[in-house]
Amino acid sequence: MPTIVRVHAISRREASLRLTSGRGASKIPHVARLRAILFGLVTALTVLLACGGTAPAPALGRIRAAGVLRWGGDIQGGEPYVYDDPARPGHLVGFEVEIAEAIARELGVRAEFVQNDWSHLVPSLERGTFDVILNGLEVTESRVGRVRFTRPYYAFAERLMARADEPAMKPELLALKGRKVGTLANSLAFEMLRGTADTVVYDGVEEPYADLVSGRTDAVLLDDIIAARYGAPKPELRVVGDLREGYYAVAVRPSESDLAESVDSALAKIAASGELQLILDKNHLWNERQGKLASWSTAQQRAMLGTPPPPPPLGPAHALLFLQGAGITLLVSTLAMSLAIPLGLLLSLARLYGGAAVARLASAYVEIYRGTPVLLQLYLLYYGLAPVLKLSALAAAVIGLGMNYAAYEAEVYRAGIQAVPKAQLESALALGMTTRLSLRRVVLPQALRHAIPNVTNDFIALLKDSSLVSVITVVELTKQMTITAIDVRTWMGPGLLCASLYFAMSYPLGRIARRLERKLEGEREAEEAT
Amino acid sequence: MSTTDEIASQLADMIVVENVRKAFDGRSVLDGVNIRFTRGKVSSLVGPSGGGKSTLLRCINGLERFDAGRIEVGGLSLGPSKRARPSRAERATLRAIRLKAGMVFQQYGLFSHMTAVENVMEAPVHVRGVGLADARQRALHLLEQVGLSHRRDAFPRELSGGEQQRVAIARALAMDPEALLLDEPTSALDPDRKAEVVRVLRNLAKGGATMIIVTHEAAVVREIADHAVCLRDGRVVSEGKPSEVL
């Protein structure tokens, strides 16, 4: 299930976006989240419009006329799905490339790969960016309600891993009750664990196993392909067992049944001829579980798809989860700001009044924290430091955001301190005050007052930036929204609910900041007039 | 007998400036200045802009350091320094000098977040450790002296420039300095406000205060000063009675 791999890839992309967005290291990240939410909203609208639109044109005819089958996937998912050939950069390889080419050949056209963020594959299929998805898309109940799945081309197992020195763990779902189990958000494993285990959700595939080794979790449940590649090589871990099977299948738009049937028969032919086995074998993916793919029956297909229950409506239970998420967001932001304010003050004083060496160190702190993505800082703090300092996710979130925002607060205070007229500091010194007393009695009380509107504005930004801590497994408001959106199969409701909660938290603060700003401005004008 | 004379003259000289030199970025601002300021007299530093008057005043108070020479304030001696940050011993000397010589700035420098009376009380309470009640009583008395009893609870932004400058003078006096250094105290004020401030200064002079006033304004010099020194290009070009120097 490359779900995982892909989500990981996206977080990396977000990181690079942040890196290149100017001031933004910590101010911009929510843009990426916001973009995801907007994308979801726009997609939902598009789908609504499309539903009431024209009758579907025969898809197969269109594809044959163009001579191309466009298939969507994400290269960043990596081995063994679709990836750049290390020996020939720019040339794609992977078992899915070979399957796509085989299907296209059966349809009498050539295959063309279309790169797309993994998490947006289904919305992109709906809006027509490509003809099919062929990229480790696991057949799950929520997806069955949205796309039409063909017969599977790979059967995987949900593999449970635990630490080697804990032989008591049993390969049963119920045995995980109340235990901390790592997996990926919205994966099949995530759906299985819901209501049983204390699920810890990750965006990447390395991290769940790293946290399992370090004892932050008790077990990890993920696809066997991932377990084999990222978990099994760690000597501290052992395979407990497989809990159930799952399938990767090609996804087609529900309206294009002619295309779905053609892909189905192409897959059937490839499987029956032994070509599929050859491809999987070549990629070291063949095992006895794949045997049934060659003789896949309609009964098996029906069983695989199941009868998806209608998506649960967005109800009070969700609202409660959202409120909990908002509570976490508020908690993380408030604690982080309580750390950022004194630390930032210390940094600004060190820069302005410390000795040369101290001032240089403080400047280096500010420049490094502002010049690197906060996402990276969170990763290093939580995963990088794990071998020597095992912080809890919440502590890492508060410390990570707090230390990052301290760099910004330091600059706010520095500006506030420098805004105090020099004549006041000189008057204080001339009255026999020490520099320290002058700062405490004259400069800082005014500087802090001048800084309040900016600090308030920074706190609003922090409320939104706190969504980043989901990468270190803290489920806050935005993470809750993305989880719920996939659960109820629409982004519109959860997106609006999430947005309104953020708005409810930040709008009053914005009003307060503006009022203070106006008041201070009035005072400043009065001072300048005399 | 000559020794007694020396002692007498030392006692008479509140502030002594000896061969003081200072350059900013290689440009000489004070070029070997020698002046003696007498105790109980009002001296005035005059001369064209950039002549070095304000810089000399700031050197006396230790807000600026100088490159060569010596300055003595009430028996405390300050030597040249090139270091940006004074040493611990230097800091102690600087503070002691500042307690002997209070300073009033052209831009008043009142603490914006404190009322008039709080501004005056601040240093006695936090530097000298005077009790709040005593400090307040003294501050109110000083405000009365500068004619501002009725404005004691006003913030600086609510005061006119002349009122702010008078509070600044009261604030400097609250530390009982042996001398008062005034850097262009009336330059930022309109004529009526100037008159208020000059009246306060004249009263102080009558009371026998030692003052050094840096000013551009001939009227102020004539009205208050006993002695005038003209600085041009960092040198003393004339010295004597105000009428002679002007």
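This is a predicted model: local features need pLDDT of at least 70, side-chain atom pairs count only at pLDDT 80 or more; totals for chains, interfaces and linings use all residues.
Local features are given where pLDDT is at least 70, side-chain atom pairs count only at pLDDT 80 or more, and totals for chains, interfaces and linings use all residues. Residues are numbered from 1 along each chain as its sequence is written, and chains are lettered from A and ligands numbered from 1 in the order in which they are written.

Student: How many helices and strands are there in chain B?
Tutor: Helices (H or I, at least four residues) and strands (E, at least two) are DSSP runs, numbered from the N terminus. By that count chain B has nine helices and 10 strands.

Student: Why is chain B described as being as compact as a globular protein of its length?
Tutor: The radius of gyration is taken over C-alpha atoms, and the globule rule is 2.2 Å times the number of residues to the power 0.38. The C-alpha atoms of chain B fill a box of roughly 50 × 45 × 40 Å along the principal axes. Chain B is as compact as a globular protein of that length because the rule gives 18 Å for 246 residues, and its radius of gyration is close to that, at 18 Å.

Student: What is the order of the six-stranded sheet in chain B?
Tutor: The sheet is open and its pairing is mixed. Its edge strands are β6 (101–104) and β10 (235–240) of chain B. The order is β6-β7-β8-β3-β9-β10.

Student: Which residue of β9(B) is the bridge partner of B:S43?
Tutor: Strands β3 (residues 42–46) and β9 (residues 227–232) of chain B run parallel and are joined by four bridges. In β9(B), the partner of B:S43 is B:H227.

Student: At what angle to β6(B) does helix α6 of chain B run?
Tutor: Helix α6 (residues 161–173) lies across β6 and β7 (179–183) of chain B. Its angle to β6(B) is about 170°.

Student: How do helices α3 and α10 of chain A lie to one another, roughly parallel or roughly perpendicular?
Tutor: Helix α3 (residues 59–66) and helix α10 (residues 257–272) of chain A pack at about 70°, with axes 6 Å apart. Angles under 35 degrees count as roughly parallel, over 145 as roughly antiparallel, 65 to 115 as roughly perpendicular and the rest as oblique. The contact is made by A:A59, A:L60 and A:I63 of α3(A) and A:D258, A:L259 and A:S262 of α10(A). The angle therefore makes α3(A) and α10(A) roughly perpendicular.

Student: What distance separates the centres of domain 1 and domain 2 of chain A?
Tutor: An automatic or database domain assignment gives the bounds, with domain 1 at 162–245 and domain 2 at 316–529. Nine residues of domain 1 are in contact with nine of domain 2. Taken over C-alpha atoms, the centres are separated by 35 Å.

Student: Which helix gives the largest share of the side of chain A that touches chain B?
Tutor: The contact takes 20 residues from chain A and 25 residues from chain B. On the chain A side, α17 (422–430), α18 (435–465) and α20 (492–529) each supply at least two residues. The largest share, six residues, comes from α17(A).

Key: Axes are lines fitted to C-alpha atoms, for helices over the stretch in contact, and angles run from 0 to 180 degrees between N-to-C directions. Two residues are in contact if their C-beta atoms, placed from the backbone, lie within 7 Å. Two strands pair if DSSP finds at least two bridges between them.
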